[in-house]
Amino acid sequence: MSRLGFMIVVLSATASVAASPPTFAEAEQVASVGSPFAVVREHVTADIYHYQFDIRVGSTPNARVRIHRVVRELAPWRPRRTAHAVMLLHGDFANFVTNFVPTRGHPASSASGLAPYLVARGIDTWGVDRRWTLPGADGDISDLGEMGVTQELGDVSVALAFARATRGLTDGDAGRIVLGGFSHGAQLAYAYAAADGRHVSAIAALDIYYDIAPEDADLRALACANASAGRDALAQGVTDSSNSLFITAGELARSTPDEISPLFPSYTNRGVLLTLAGLTWWLAPYTPVYHLSAPLLDAEGNVSELHESSEEVVSAWFASAPPHQSMRETVELDEIWCGASSRPSLANIRVPLFYLGAAGGFGDHGLYSTTRVSSSDVTTLVVRRFGPERVAEDFGHGDLLYAADAPTLAWKPLATWLLRH
């Protein structure tokens, strides 16, 4: 299939999710924000390529659904057929590429990436970016205040419909696909499957909770307090939950690791990176010792090094974060945890579920949500190195994506489950 032929295929698929099918000439305007459809293709490794599709769905500055596909090719613009597919939703301060294809991030990471791993094992891997990932540092964010959970679930539905239609044309299989997600992306996967789920054959939740267990009442209280504070901020006109802390910490740790940090002068730039990654619960106590990356703690409880994900990989993850993030989304996801507002019920979920946790992340605290679904096919795995006495140093939240041993400990069980579902 030529590039022209491929474009006709994907443009035909778009007709089912866009108001009107764009022309080929319009699709050629790859970098044009005003174009109703744009596509780019880039090499990842071996015969694996990454496609990015932008579909304009409104008139506001960031009214685009950005869909990703990572796939093996037979020839340029000609994907290999597969019988299995998954769509992955990214987490905070990230997008699909930085979470799942980090070698293509900016800066590029040496972490090989979950998406290419799955693709190499016969799993067609898709994703969709939330709209707050689209504007650059100086981009137009006048529509940021509209970016809440309802809009995001609508974009997920568009992306799933597009993926199914495209697979029907390129793979001969337009059936439902698995919806997966990491962190808050997994929370959205739960919410989509509970509220709609029409395109979903199963869900894979990577390290999150949706319903908080009764014994974790303190975590629910924290979510309620955060939701209330966030609502106050929204009422005052704050729409941007900036990612500048992570970006600056990552950039400085890469460029001048031993200099005194302008962020926290009692630390070096390297020390700030280690602390944010290894003692994340200081800022975000989603669980009592929640951390992004497994730390090695010294006698005073400070992080001396990271022992699962390398500092190079973690600093690239931080530095490549989108500059903006939606305050409305943050508030509404906290409200789901709080349980004080109307929300889709996990009891509506009847498709198979796989929960993959990290002992030092949400870990065991995410297991309660798996007991709240109506599905009879539930599989759980919490990756851990140590017993409960060393959870503060155990496998971290982000280690599921970036650790040197993630392919063996986390990705292989996930791929095995996906190939069975």
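**Salt bridges, a buried helix and a surface patch**

At 8% relative accessibility, Glu-308 counts as buried. The model is predicted. The side chain of Glu-308 forms a salt bridge with that of Arg-385, at 2.8 Å from N to O. Glu-308 lies in the loop between β10 and α10, and Arg-385 in the loop between β12 and α13, so the pair ties together parts 77 residues apart in sequence. Arg-385 is partly exposed, with a relative accessible area of 37%.

The structure holds 25 salt bridges. One of them joins Arg-69 and Asp-171 at 2.9 Å, N to O. This pair links distant parts of the chain: Arg-69 is in strand β3, and Asp-171 is in the loop between α5 and β7. Both Arg-69 and Asp-171 are buried. They belong to a network of salt bridges that also includes Asp-124, Arg-167 and Asp-173. Arg-328 and Glu-332 form another bridge, at 3.8 Å. Both lie in helix α11, four residues apart, about one turn of the helix.

Helix α5 spans residues 149–170. Its reach is 31 Å from first C-alpha to last, close to the expected 32 Å. Of its 22 residues, 16 are buried, so α5 is largely enclosed by the rest of the structure. Just after α5, Gly-172 takes a positive phi of about 70 degrees.

Strands β9 and β10 pair in the antiparallel sense over three bridges. They form a hairpin with five residues between them. In the turn, Gly-301 has a positive phi of about 85 degrees. Pro-295 stands opposite Leu-306.

The loop between α9 and β9 holds Leu-283. Leu-283 is exposed, at 60% relative accessible area. With Trp-281 and Trp-282, Leu-283 forms a nonpolar surface patch of about 340 Å² accessible area together.

Key: Residues numbered from 1 in each chain as written. Predicted model: local features only at pLDDT ≥ 70, side-chain atom pairs only at ≥ 80, totals over all residues. Heavy atoms only, no water. Patch = residues over 30% accessible without salt bridge, like charges linked within 9 Å, V, L, I, M, F, W, Y side chains within 5 Å. Areas by Shrake-Rupley, 256 points an atom, 1.4 Å probe, with all protein chains shown as cover. Salt bridge = Lys/Arg side-chain N within 4 Å of Asp/Glu carboxyl O. Helix = DSSP H or I, 4+ residues; strand = E, 2+ residues; numbered from the N terminus. Buried < 20%, exposed > 50% of the residue type's maximum accessible area, 1.4 Å probe, protein only. Pairing = 2+ DSSP bridges. Expected span 1.5 Å × (residues − 1).
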